[in-house]
Amino acid sequence: MKISININSRLKELEVKPNETLLSALRNNGYTEVKCGCSEGECGACLVLLDEKPVNSCQVLAMSIRNKQVKTVKGIGTLYLPHLIQKAFVEAGADQCGFCSPGMIVASYSILKETGNRPSKEDIRRGLDGNLCRCTGYVKIIEAVGMAAEKSLQEETQKPEAVCTNM
Amino acid sequence: MYKYVNKPAEKIDGLSLVTGEEKFTDDFTYNDMLYVAILHSGYAHAKIEELDESEALKTKGVAGVLSYKNTSSILYTTAGQGYPEPSPYDTRIFNDVMRFVGDNVCAVAAESREIAEEALKKIKVRFSLRNAVLDFEKSESSGIIIHKDDNSHAKIPVYFNPSENLASKVEASVGSFERAFETAPKKLTCTFYTQYASHCAIEPHAAVTWLDSRGRLVIQSTTQVPFHVRRIVSSVCQIPISKIRVIKPRIGGGFGGKQEVLLEPVAALFTWRTKRPAKLVYSRKEVFTSARTRHQYRTVFKAGYDTDGKITALHLDALENSGAYGSHALTVLSNAGSKTLPLLNKIENLKFTGKGVYTNLPCGGAYRGYGATEAYFGLGQIVDMVCQETGEDIVEYYKKWTIKPGETSPVFQALGEGKEGVAMTIGSSSLEECITIGARESQWYEKRKLYSHSTGYNDGRYKRGIGMSVLMQGSAIAEVDMASAYMKMNDDGSFNLLTGATDLGTGSDTILSQIASEVLDIPLSQIVVTSSDTDFTPFDKGAYASSTTYLSGQAVKKCAEGIKKQILKTGAEMLNVKLDLVELKNGFVTSKVGLSRVSFEEVCRYSFYEKNQYQIQASASHVSPKSPPPFAAHFAEIEVDSMTGIIQVLNYVAAVDCGLPINTRLAEGQAEGAIINGLAYALFEDYYFSEKGRLLNDSFGKYGVMTAADIPPVKVFLVSSYEETGPFGAKSISEININGALPSIANAFYNATGKRLFSAPFTPEKVLEALEK
């Protein structure tokens, strides 16, 4: 069955099975940047933005999201045009194995968005609560989100938010 | 002093990881690929009397079924260790006896995962049930033999007796424990328990296999040990090593859990037989039950000591629950002694006895800490008990009695991995400084006194305490582990570095580049790293035993030094000056006399095209004559709610001596990750089984992993020392810091309450029970 989804600002026709999760549909169609750590909605590795709201894509049926907008980590920033959250993760050393990173970046993006780039440490900790990481002990991830928030605030006053366009 | 090492360099794969560009095993899909699903045993102990796969095979889209009926009965160990492995050969790809709930019955390959899973349900198995051993303390006396008449055997000359359910047995002694214990004025005997745990790498185990254009088998898998995978798959699947290539893509964390050859033989056999690509990915539940775990332990410590606190006799007796198979049963057990007992090297009479017993429960394996975590829980408390008795501050005690540079411990030689160990003198240690810094940063003296349970401060519901412990580990296995590297120069002055070392997310690709950069005085961007591809990279034993920075790093350093010599030689020839009058500087060969210089680019072009042409290239191997221990001092401040039994960690300070940290940020990250894992292990991580041996908490949700919202403030201090035998003075850091939480929290608990915790994890139930005693 074919459905139309807007993924990372591009309209895509995906072939999906009736009971297929969004996670599976995305990965089967090449969006392997969305990771699968548990399929149970516990680890957050598959976190994507659905109409700008973070959801574990393993807990959503692909069929249920017709005409909605999906944003994966690559919709936030790419290797060639990274978002400052991504740069902050690398700078802080919040990237060890990197398997949780795509989900962590999506969660961090939401934290910054929801708090207008002014998250308290508690906002950050709570906002990352759905994303498991076994490598870093979260110390540097929390630090990275704080750094990204600061940079975002600085940039806010200087220029409009960078938009990633896939040409 | 250094330009590229001892710096917080960003990971070379960092931006690719955080933008989702990097590929992990499950991200690879090939045309015409088969999906594999495994049927696991629901019984803890049963013999398969009949397995009928006919209905499954009739299912549309099913390509084949593998079971004991059509696979080799070659015995092997799933432990990815050097050859011959110290772990017993006690398993087959598919056994006809199921030894734990989660054991492999058979596997189906089909056009899709759904079809494979559907087909599993159509497989009919008739089991004859056997009595199961579910309590490891009763394994030896149970009368139930788990590996009965199955030809299980040890590959090396060690004690292995499956008829007693013994997967391993270790004994070592120095001096005479019995005599010294007998005459000691003060004595202590305590029993401690540590529990099962899952590594919880967020990436589940996976393997993808296919045949290349010349019919060779390619295995891409989530492995810490690509070269051991090649050797072991070759052996059990009867495919020549020359026909196997193992590629390690990015790995989503290992912690020892992926030092195990579990999925590769199954996927490989399907591919070898059907000539089609195959993919096998464990579900999270399978990772919890069927992959490997931390061994459950009972440790009994007997200590005899003088009135001034000097321990004169110490006996550590360890009982290890190996689970159904003996993966790492011997070496984790040995390490429980060899990584802990040398710490207090003034003890003259030492005894270590240990047994690893089979049970019908999930299998233990390698897990960060590797026996040391299990033994430090008791040892750290024994030291605290001695200090409480004599009134000496534990901080001063550790400073006085721990091993110092220039000193040795007879344990190093007495206790190896399946054989004698290697005698070693400590070359580097900043332990004393670690203890001082940790005490200062945790406000040890003020808080220890204030919180002391006898002062009245803690008379209310909430009781605070501070505790500490001192730890050591090793860096690689001396005279056993080998790593190698190869480098070649390219015509723009960049280099390819090919290394067998296995980056699991630890950052070793970055660290090894930093080492090469430092030797050649060129930026990291000029080093192109390829690691862990058995066709292209030279051998490395793999990522385990805290070895990559120390061992593989030294191989890279030697290799880069070989390259440097050649560059200098060609540069001198080009500059027409004597070899001893040129030096390497900033990407140039520079004459020490006059101003002439040639760039790396010019050197390589000259060596390719102009005169006396050759490829500037070098390789190097490294084996270490010793395994220099990193050291650490850990301080935990806690609050105990005596009403609910909940322990909250208020602050955690770790001061760590990893020699010279090659990458300061990544070294901190290793320490922080290990500490949080250790804290979660101390406070709540555990395996709960049904009375029939089924794991009950087999999901992240039920198991409980610490999240960002749960972590206490953690401060890590890297206190450098210089290890002569390591690259630029480096030792290891990956494992040691998981060992501190158990003893430090338990000692803090005593400081707060005057009670001891003997059984981990410190759940509210156990805390309340301890408080009532």
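**Exercise 1.** Which residues does Gln648(B) touch, not counting residues up to four places away in sequence?

*Solution.* The model is a predicted one, and the place to start is the element that holds the residue: Gln648(B) sits in strand 25 of chain B, which covers residues 647–657. Leaving aside residues up to four places away in sequence, Gln648(B) touches Glu637(B), Ile638(B) and Glu639(B). A further step concerns Asp710(B), which is 62 residues from Gln648(B) along the chain, and here the C-alpha atoms are separated by 9.7 Å.

**Exercise 2.** Determine whether Thr271(B) is buried or exposed, and list its contacts.

*Solution.* Thr271(B) belongs to helix 6 of chain B, which is made up of residues 264–274. Its relative accessibility is 0%, and because buried means under 20% relative accessible area, Thr271(B) counts as buried. When residues up to four places away in sequence are not counted, Thr271(B) touches Thr209(B), Trp210(B), Leu211(B) and Leu217(B), and also Arg276(B), Pro277(B) and Ala278(B).

**Exercise 3.** Describe the order of elements in chain A, and explain why chain A is as compact as a globular protein of that length.

*Solution.* Chain A contains six helices and five strands, and from the N terminus on these elements follow the order β-β-α-β-β-β-α-α-α-α-α. The radius of gyration of chain A is 15 Å, close to the 15 Å that the globule rule gives for 167 residues, and chain A is therefore as compact as a globular protein of that length. Along the principal axes, the C-alpha atoms of chain A fill a box of roughly 45 × 35 × 25 Å. Of the 167 residues of chain A, 56% count as buried, and among the contacts between residues at least 6 apart in sequence, 59% join residues at least 24 apart.

**Exercise 4.** State how chain A is divided into domains, and how many residues of each domain are in contact with the other.

*Solution.* The division of chain A gives domain 1, with residues 2–74, and domain 2, with residues 84–158. The C-alpha centres of domain 1 of chain A and domain 2 of chain A lie 21 Å apart. Turning to the contacts, 16 residues of domain 1 of chain A are in contact with 13 residues of domain 2 of chain A.

Terms used:
Residues numbered from 1 in each chain as written. Chains lettered and ligands numbered in written order. Predicted model: local features only at pLDDT ≥ 70, side-chain atom pairs only at ≥ 80, totals over all residues. Heavy atoms only, no water. Helix = DSSP H or I, 4+ residues; strand = E, 2+ residues; numbered from the N terminus. Rg over C-alpha atoms; globule rule 2.2 N^0.38 Å. Buried < 20%, exposed > 50% of the residue type's maximum accessible area, 1.4 Å probe, protein only. Contact = heavy atoms within 4.5 Å. Domains from an automatic or database assignment.
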